[in-house]
Amino acid sequence: MSEIVLDERAAGILAGVEQLLWIDGRATEASTGEWRPVRNPARRGEVIGRVPAAGVEDVDRAVSAARRAFPDWRAAHFTGRGKALLAIADDIESEAEKFAQLTALDTGNALRSQARPEVVTLVSLFRYFAGVAGESKGVTLPAGDQQLQYTRREPLGVVACILPWNSPLMIAAFKVPAALAAGNTVILKAADDAPLTIQYLAQVCQRHVPAGVVNSLTGRGSVIGNALSTHPGVDKVSFTGSTEVGRGVAAQASERLAHLSLELGGKNPSIVFPDAVEDEGILDGLMLSSRFARQGQSCTAGSRLFLHEDIYDEMLDKLAARLGAMVVGDPLDEASDMGAVINQSQFDQINGFLEEGRNHPDLTTVLGGSAPTEGSLTEGFYHVPTIFGGARNDFRLAQEEIFGPVLVAIKWKDVDEVIQMANESHYGLAAYVWTHDLDNALNTAHRIESGWVQVNQGGGQVVGQSYGGYKQSGMGREASLEGMLEGFTQIKQINVKLRK
């Protein structure tokens with residue numbers, strides 16, 4: 001293996017250049033003896049660490065460890081599990097800046113605008129699920145004096161959590177504390193392009209849970225992801241990622257009728273009514289909903305911008321001015337509003353969409369439109385905020401998930417028309433409605449086919465809200481009590497005949 005070159009800034013962030021697997025409470029190398037480099041999105045070609053390239057044998061080891069740990073963890077009183085989750089949250093909070101800096105280095109997400117808020121969400125969800133751990137309970141049925149009929153909510157068993165690279169800590173927060181609070185044991189599969197924060201999270205968890213309760217693997221998804229999805233010892237697969245990969249995971253897990261939840265892609269509508277132009281706060285909301293602070297690498301990005309024809313030009317000019325003022329730069333720089341996209345492949349994919357937008361005869365480039373070609377931004381995988389105007393809803397740029405900092409603006413006139421356009425997508429994850437007319441706000445929100453609709457705000461997750469998609473944006477819900485009960489427990493009915 002070639003020598004690992006460690007970024008000098010990373011030396012103060014990483015515990016060491018090597019991040020190991022966590023199996024059965026111990027840090028371990030992969031059975032394959034192979035390693036994979038972890039590269040810096042902000043500096044092309046720079047290696048910041050390495051992680052083991054786990055193989056099928058390592059999946060078997062992790063599943064065996066999780067199965068051994070399951071009976072005692074399931075049997076523990078919920079207050080004990082809640083106490084462990086609170087202790088994990090306290091530990092993460094005490095090292096919040098280390099987690100945030102490692103996230104910025106690992107993912108390319110800007111430290112101030114994205115990485116730190118992501119750690120706050122992680123802490124909040126561990127505390128939330130610690131508080132609701134006791135809600136995994138059944139009911140007693142009124143069956144008469146000769147019968148005792150009741151239900152138990154029991155954990156599923158071993159849960160494989162397959163994580164993405166765009167916001168790994170936040171997505172882990174949706175899955176891990178809920179699964180643990182309900183009494184399951186977990187195996188994390190860190191994203192190949194951003195594994196460092198997840199391995200460090202697993203390390204922190206070892207301090208507070210028994211061996212085997214939390215395990216974490218690194219390596220290629222085509223190897224370990226497939227092995228987890230098909231493993232008979234894995235009771236549930238919880239996957240977050242692209243719709244294309246999600247279909248494969250679903251096919252594999254469904255073949256053996258395993259429990260499954262999927263949070264997949266989105267091409268989300270953001271509908272602006274004429275009266276919203278009077279609210280200066282709408283620009284802040286639209287900036288948040290664009291998810292440009294995460295380089296547009298978010299499945300909840302409001303990337304289809306429907307502007308009413310009466311305010312189309314005015315709003316487009318105002319939004320372009322605000323988005324154009326965003327500082328794109330080094331993710332570890334406090335001044336940066338927006339960091340780097342994850343890798344060369346993603347950079348090139350976004351470039352392809354930009355080229356199509358620039359060359360489309362009906363589209364106008366309102367802002368951006370091409371990657372930087374000179375200066376310090378060429379040192380990494382940087383794109384700048386882009387808006388294309390003059391789009392129609394059937395254009396490819398308005399239908400396919402770009403997963404980059406690109407908005408397409410579409411004019412509308414009639415409410416029924418814009419709702420129809422909003423729903424003309426095989427995605428249905430998120431949506432945004434901007435109006436101060438209560439009838440328009442609620443009627444539109446109710447008619448949109450999406451799992452999450454926000455009115456007059458563009459911010460992120462609220463702890464305790466159910467999160468998940470309609471249509472090809474996924475199945476199942478996370479981040480809430482309902483998500484924990486529906487996604488990580490199953491109901492057992494018990495009937496007892498009593499003697500007189």
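I worked on a predicted model, in which local features need pLDDT of at least 70 and side-chain atom pairs count only at pLDDT 80 or more, while totals for chains, interfaces and linings use all residues. Residues are numbered from 1 along each chain as its sequence is written, and side-chain values use heavy atoms, with hydrogens and water left out.

I looked for cavities, taken as sets of points on a 1 Å grid over the protein atoms alone where a 1.4 Å probe fits but cannot get out, and I found two of 30 Å³ or more. Of its 13 lining residues, Gly296, Ala301, Ser303, Phe403 and Gly404 are the closest to its centre, where lining means having an atom within 4 Å of a point. By class I noted five nonpolar, six polar and two charged residues in this lining, with Gly counted as polar.

I then turned to the second largest cavity, of about 50 Å³, whose lining includes Lys175, Tyr467, Met475 and Arg477. Strands S10 (236-240) and S11 (259-263) each supply at least two lining residues, strands being DSSP runs (E, at least two residues) numbered from the N terminus. The largest share, three residues, comes from S11, and the lining divides into four nonpolar, four polar and four charged residues.

Lastly I checked helix H6 (residues 196-206; a DSSP run of H or I, at least four residues), and ten of its eleven residues are buried, meaning under 20% relative accessible area with a 1.4 Å probe and protein chains only. Among them are Leu196, Ile198, Tyr200 and Cys205.

Terms used
On a 1 Å grid over the protein atoms alone, a cavity is a set of points where a 1.4 Å probe fits but cannot get out, and a pocket is an open set with protein on both sides within 12 Å along at least five of seven lines; lining residues have an atom within 4 Å of a point. Grid points are joined across faces, edges and corners, and a volume is the space filled by probe spheres set on the points. Buried means under 20% relative accessible area, exposed over 50%, partly exposed in between (1.4 Å probe, protein chains only).
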